[in-house]
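Please walk me through this structure.

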Amino acid sequence: MHRSWPPILALWLLGVLAAAQFAKMSVIAPILRAGFGLSLPELGWLISLMEVGGAVFGLVSGLALARFGMRRFLLWGLAILSAASLAEAFATTAFLLFVARAIEGIGYVLVVIAAPTAIAATADNRLRPRALALWSTFVPVGIAAGGAITGLAAGMLGMSGVMLLWAVMIAAAVPVALRLPLADLPPARIRFPAPAAWISTFGFGLYTVFISAVTMLLPSFLIERCGAT
């Protein structure tokens with residue numbers, strides 16, 4: 001195995017862990033609706049709040065990455081994700097749940113901006129295409145893993161227990177981020193990307209719309225309309 005693969009795999013797993021936070025809300029959606037009196041549109045907002053951090057802070061975070069460094073971004077992102085999950089576990093009102101979810105989105109964007117940048121910097125020219133191809137799978141793998149783990153744990157631990165479990169799992173990833181061999185980045189400047197990047201971004205946006213609109217609300221439909229567990 002190429003010596004760059006272990007840190008690349010570790011960075012990919014951090015992305016998977018961050019993406020898993022999408023699915024945890026959708027799997028326990030019926031519990032959330034019953035416990036907090038949420039309507040289906042409100043539930044959709046709660047699930048999609050993870051992306052608000054990226055929409056609002058994505059450009060600023062990308063420019064700040066060179067100033068603060070990839071390791072700090074990863075550590076801050078993981079700390080925020082863990083703290084937000086902890087807050088969700090003890091939320092007593094829908095308002096507090098929404099606030100914690102919005103903060104969680106900030107942690108998510110910090111991780112998913114720093115991790116692929118670190119992968120690109122770690123891999124050499126020959127390895128980089130394969131490394132970034134692996135990174136492109138972090139959302140579907142994270143959603144699958146998040147849904148499976150949350151589904152298995154929900155029956156035994158309940159909503160609060162599931163959120164505490166995720167908080168502990170994310171906190172356990174902090175030592176991994178501390179040990180990664182990450183280099184500093186050159187100063188960033190605002191520059192428009194090539195047309196191919198805009199097209200790729202648009203395509204990924206359509207994919208995200210599909211995932212959010214169908215997959216995230218599908219558990220609620222299956223449970224409420226089809227009697228699924």
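Gly 155 is exposed, because its relative accessibility of 75% lies over the 50% cut-off. The model is predicted. Gly 155 sits in helix 8.

Now the helix packing. Two packed helices are described by the angle between their axes and the distance between the axes. The axes of helix 6 and helix 7 cross at roughly 160 degrees and come within 9 Å. Helix 6 is therefore roughly antiparallel to helix 7. Their crossing is right-handed. On the helix 6 side, the contact is made by Val 112, Ala 115, Pro 116, Ile 119 and Ala 120. Helix 7 meets them with Arg 128, Ala 131, Leu 132 and Trp 135. By class, this contact of helix 6 with helix 7 holds eight nonpolar residues, one charged residue and no polar ones.

Next, the core. The largest nonpolar core has 59 residues. Within this core, Leu 11, Leu 32, Leu 74, Tyr 108 and Phe 138 touch the most other members. Elements giving two or more residues to the core include helix 1 (5–27), helix 5 (70–89), helix 6 (94–122), helix 7 (128–135) and helix 8 (138–172). Helix 1 gives the most, with 14 residues.

Which residues does Leu 11 touch, not counting residues up to four places away in sequence? They are Leu 74, Ala 115, Ala 118, Ile 119, Thr 122, Trp 135, Leu 180 and Leu 182. Among these, Ala 115, Ile 119 and Trp 135 also take part in the contact of helix 6 with helix 7.

Conventions. Residues are numbered from 1 along each chain as its sequence is written. This is a predicted model: local features need pLDDT of at least 70, side-chain atom pairs count only at pLDDT 80 or more; totals for chains, interfaces and linings use all residues. Side-chain values use heavy atoms; hydrogens and water are left out. A nonpolar core is a set of buried Ala, Val, Leu, Ile, Met, Phe, Trp, Tyr and Cys residues joined through side-chain atoms within 4.5 Å. Buried means under 20% relative accessible area, exposed over 50%, partly exposed in between (1.4 Å probe, protein chains only). Helices (H or I, at least four residues) and strands (E, at least two) are DSSP runs, numbered from the N terminus. Contact means heavy atoms within 4.5 Å. Axes are lines fitted to C-alpha atoms, for helices over the stretch in contact, and angles run from 0 to 180 degrees between N-to-C directions. Angles under 35 degrees count as roughly parallel, over 145 as roughly antiparallel, 65 to 115 as roughly perpendicular and the rest as oblique. A crossing is left-handed if the near helix is turned anticlockwise from the far one by less than a right angle, and right-handed if clockwise. Ala, Val, Leu, Ile, Met, Phe, Trp, Tyr, Cys and Pro count as nonpolar, Asp, Glu, Lys and Arg as charged, and the others, Gly among them, as polar.
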